Amino acid sequence: MNWLETDTENCPVRRALDVVGEKWNLLILREAFNGVRRYDEFRSHLGLSEAVLADRLRKLVAAGLLRSEPYREPGARTRHEYRLTRKGVDLWPVLLALKQWGDAYAGDPDGPVLDVRHHACASPVRVVVQCEGEEQAVLTPRDVTVRPGPAARPRRTD
C-alpha cells in the first residue's frame with residue numbers, strides 16, 4: 001500500500017490539527033509558554049474577544065493541553081489561571097519549529113522577536129529532525145523513507 005492508497009481519516013497530523021490547528025489555539029499556547037496564566041492577561045496581550053478567548057480556553061482545557069487552577073485575590077471573586085499540562089508542554093517543539101520557520105520566511109527584517117537560548121551555555125536553540133541511530137544525524141525529508149504503519153487503512157473508493 002502506498003500513500004495515495006492510504007485512508008487519511010486516521011492521519012495523526014489531521015487529528016492533531018483538530019485539536020490545535022485553529023490560529024488562536026496556537027497563539028494561546030504561545031502565550032502560556034511565555035508565562036501568561038490569567039484570562040485578563042491572555043485577552044489584553046492577544047487582543048481577542050472575550051467570547052472567542054473563553055471558547056478557546058475551554059477547548060484547550062477539554063483537550064488536556066491546559067489545566068484550569070482557581071486563585072483568588074483578596075476581596076475578589078475566585079478566578080482561574082491556565083497552566084500547561086504535560087500534553088501541552090509536549091507541543092513546545094512544534095511551536096518552536098513554527099517560530100523558527102517564521103523567523104526564516106515571515107520574520108521582521110530587524111531580526112527575531114524572541115531570542116530562545118539554552119540556560120546552561122547561552123547558545124541559540126534550534127529544532128531539528130534527528131535519527132535515533134548511533135550516528136544521530138540531522139535529517140532532511142530526502143534522508144528518510146516513509147511507509148504506512150500498523151494503523152494505516154486502505155483508502156475507501158466509495
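Student: How many helices and strands are in the chain, and what makes a run count as one or the other?

Tutor: In this predicted model, the chain has six helices and two strands.

Student: In which order do the elements run from the N terminus?

Tutor: The order is α-α-α-α-β-β-α-α.

Student: Why is the chain called more spread out than a compact globule?

Tutor: The globule rule gives 15 Å for 158 residues, and the radius of gyration of the chain is 20 Å, well over that value, so the chain is more spread out than a compact globule. Along the principal axes, the C-alpha atoms fill a box of roughly 65 × 50 × 30 Å.

Student: What share of the chain is buried, and which cut-off decides it?

Tutor: Of the 158 residues, 20% are buried; the cut-off is a relative accessible area under 20%. The accessible surface of the chain is about 12000 Å², and carbon and sulfur atoms hold 53% of that surface.

Student: What makes strand 1 and strand 2 a pair?

Tutor: Pairing requires at least two bridges.

Student: Which residue of the hairpin takes a positive phi?

Tutor: Glycine 75 does, with phi near 80 degrees, in a hairpin that has five residues between strand 1 and strand 2.

Student: Which residues other than glycine have a positive phi?

Tutor: Among them are alanine 122, at about 70 degrees, and glutamine 136, near 50 degrees. Alanine 122 lies in the segment after helix 6 (92-105), and glutamine 136 is also placed in the segment after helix 6.

Student: How do you know whether aspartate 110 is buried or exposed?

Tutor: Exposed means over 50%. The relative accessible area of aspartate 110 is 77%, so aspartate 110 is exposed. This residue is also found in the segment after helix 6.

Student: How far is aspartate 110 from tryptophan 92, and alanine 122 from threonine 145?

Tutor: Aspartate 110 and tryptophan 92 are 18 residues apart in sequence and 25 Å apart, C-alpha to C-alpha. For alanine 122 and threonine 145, the C-alpha distance is 35 Å across 23 residues of sequence.

Student: What share of the contacts with a separation of 6 or more comes from residues 24 or more positions apart?

Tutor: Such residues account for 48% of those contacts.

Student: How far apart are the mean positions of the positive and negative charges?

Tutor: The mean positions of the 25 positive and 23 negative charges lie 5 Å apart.

How values were computed
Residues are numbered from 1 along each chain as its sequence is written. This is a predicted model: local features need pLDDT of at least 70, side-chain atom pairs count only at pLDDT 80 or more; totals for chains, interfaces and linings use all residues. Side-chain values use heavy atoms; hydrogens and water are left out. Helices (H or I, at least four residues) and strands (E, at least two) are DSSP runs, numbered from the N terminus. The radius of gyration is taken over C-alpha atoms; the globule rule is 2.2 Å times the number of residues to the power 0.38. Buried means under 20% relative accessible area, exposed over 50%, partly exposed in between (1.4 Å probe, protein chains only). Contact means heavy atoms within 4.5 Å. Accessible areas come from the Shrake-Rupley method with a 1.4 Å probe; for residues, only the protein chains shown count as cover. Lys and Arg count as positive and Asp and Glu as negative; His and the chain ends are not counted. The place of a charge is taken as NZ of Lys, CZ of Arg, CG of Asp or CD of Glu.
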